[in-house]
Amino acid sequence: MFEGEEPPAHLGYSTDRVKELGFTSKVGSTLQLVTPEGPVVVLTGGGQREEVDTAQVRDAVAVFARAVPKQTHLALALPALDLDDDGVASAALEGAALARYVYRIGEDGPEAKLDQFVVVADSARHEAVRTGLDRGEVLVRATKLARDLAGTPGGILTATRIGEVAEDVGAKTGLEVEIFVEDQLVEMGCGGLLGVNLGSVEPPVMVKLVYRPEGEPTGRLTLVGKGIMYDAGGLALKPGDEVHATMKNDMTGAAAILAAMTALRELGCTAQVTGYLMCTDNMPDATALKMGDIIVMRGGKTVEVINTDAEGRLVMADALVLATEEPVDAIVDIATLTGACLRTFGTEIAGIIGNNAGVLDQVRAAADRVDEPVWELPLARRYRRELKSEIADLRNMGGINAGSITAALFLEEFVGDVPWAHIDIAGTAQSPSAEKWPNKGTTGFGTRLLIDLALNFRA
Ligand code: BES
Ligand code: ZN
Ligand code: MN
């Protein structure tokens, strides 16, 4: 029900009556109409009809699905809107399924909470609705995979294990999957990933995924993801407060890439997409990387490690260099990189920074279409001096200010002149409460954005 409109006549409720019962027609408002028999009817606020976009549909349906948590069969009477029915149907399914997501580990977790989602629309709209639901199903499956991976504790989902998961889902979804283990990483000179791994008893893994479209690719996009399975801070050990229990999600970037790439063949992506997942945990130990150590990255640049907790940029750097060594039109990296980004944008907006307006525009457009909000920060080269080292090519940390910018400036050193955008999801990887399409907990943020980006990618 939209603002200023009346409830469907067959329900037998007047506008005044539903108002009296507290219903406002705004997105977020619901009213349950319970009858002795038959289904529970949920009047769901849609906001202003003229302003409705797919983001509003997704959120309104998420609110509907959360309003009746016991009901496992949901049906939506799809309103006629000035939007494509396929986009609306997809958004509706995404909203319902993502709102009902529960993290489960093993077979004995909570039951699947949504068994059926029916969309009711007149027959002229069926084909478009069906197309949208099919796409929505793929997007939901991918996002759930990313949430599952990000939510799995670091003691269970090790770097080796995520490599196995990648091989498994990659084989099922038409991707080439290559796993690089320690010896190979040594051979390749990946000193960033190896350095961060020094304090860990779990070996490091680099996963390379390649999606090749049927015909000649319409463009080449490489994705680089931070895969810190658990970020203890290394020798710069993080304190024991609750925030740091979420550091098992420090591989959300890698998870979003893996999840997104599982959707590309089904959705007919015409670009070639390569993904690098840089996986290890960041632990303190007698063998760990020390403050003041110097490491040599892929490509030969040396880095003085000022703070072992600034580890994301170290593992990413090797993959950024590898990405530039192959034919590529653009590199997009995604990482839970800086606490500063969480402070700046909160938990609902990701930061983006890059060296190329065209790539940033494509990232922004994808983010807008899927409602994974991003906001650009400047790649302020005036602060590059903060990364200067007296004994190495650069240090891995700037000053206390502008931490998201200096982190991006560090990454920029490794992309050469390839068009590049960086997405900092430190704030959005985790939601403190159910808001819009994210639930409390891991969000899988970035998955739908990267899928949309790949599908619409232009060199
Ligand atoms: N994984 C963290 C970033 C992070 C912090 C994500 C809080 C989500 C919530 C990253 O590895 C980190 O520790 N960054 C440091 C960098 C600093 C030492 C330069 C940070 O942001 O404090
Ligand atoms: Zn980290
Ligand atoms: Mn860290």
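Modeller: A residue is called buried if its relative accessible area is under 20%, exposed if it is over 50%, and partly exposed in between. With a value of 24%, Asp-309 therefore counts as partly exposed. Asp-231 has a relative accessibility of 4%, so this residue is buried. Please bear in mind that the model is predicted.

Both residues belong to the site of the manganese ion (ligand 3). The protein donors of this ion are Asp-231 (OD), Asp-309 (O), Asp-309 (OD) and Glu-311 (OE), at 2.0 to 2.2 Å from it. The manganese ion (ligand 3) has 6 donor atoms, and the angles among them run from 69 to 169°, an arrangement classed as irregular. Along the sequence, the spacing of the donor residues of the manganese ion (ligand 3) is D-x77-D-x1-E. Asp-231 is part of strand β7 (residues 220–231), whereas Asp-309 is found in the loop between β10 (302–304) and α9 (312–324), so the pair joins parts that lie 78 residues apart in sequence.

Two or more lining residues come from each of β7, α9, α10 (339–345), α12 (403–412) and β16 (430–431). Helix α10 gives the largest share of this lining, with 4 residues.

The aromatic side chains complete the picture. In the whole structure, a search finds 2 aromatic pairs. In one, the ring centres of Phe-410 and Phe-414 are 5.3 Å apart and the planes meet at 45°, so the pair is tilted. Phe-410 and Phe-414 are both buried, and the charged end of Lys-301 sits over the ring of Phe-414, 5.6 Å from its centre. Trp-437 and Phe-445 make a stacked pair, with 6.4 Å from centre to centre and 25° between the planes. Trp-437 and Phe-445 are likewise buried, and Arg-448 lies over the face of Trp-437, at 4.7 Å from the ring centre.

How values were computed. Residues are numbered from 1 along each chain as its sequence is written. Chains are lettered from A and ligands numbered from 1 in the order in which they are written. This is a predicted model: local features need pLDDT of at least 70, side-chain atom pairs count only at pLDDT 80 or more; totals for chains, interfaces and linings use all residues. Side-chain values use heavy atoms; hydrogens and water are left out. Rings of Phe, Tyr and Trp (its six-membered ring) pair if their centres lie within 6.5 Å; planes under 30 degrees apart count as stacked, over 60 as edge-to-face and the rest as tilted. Buried means under 20% relative accessible area, exposed over 50%, partly exposed in between (1.4 Å probe, protein chains only). A charge sits over a ring if NZ of Lys or CZ of Arg is within 6 Å of the ring centre and within 35 degrees of the ring normal. Donors are N, O and S atoms within 2.8 Å of the metal (3.2 Å for Na, K and Ca); water is not among the atoms, so sites may look incomplete. Four donors count as tetrahedral if all angles lie between 85 and 135 degrees; four count as square planar and six as octahedral if opposite donors are over 155 degrees apart and all others between 65 and 115; anything else is irregular.
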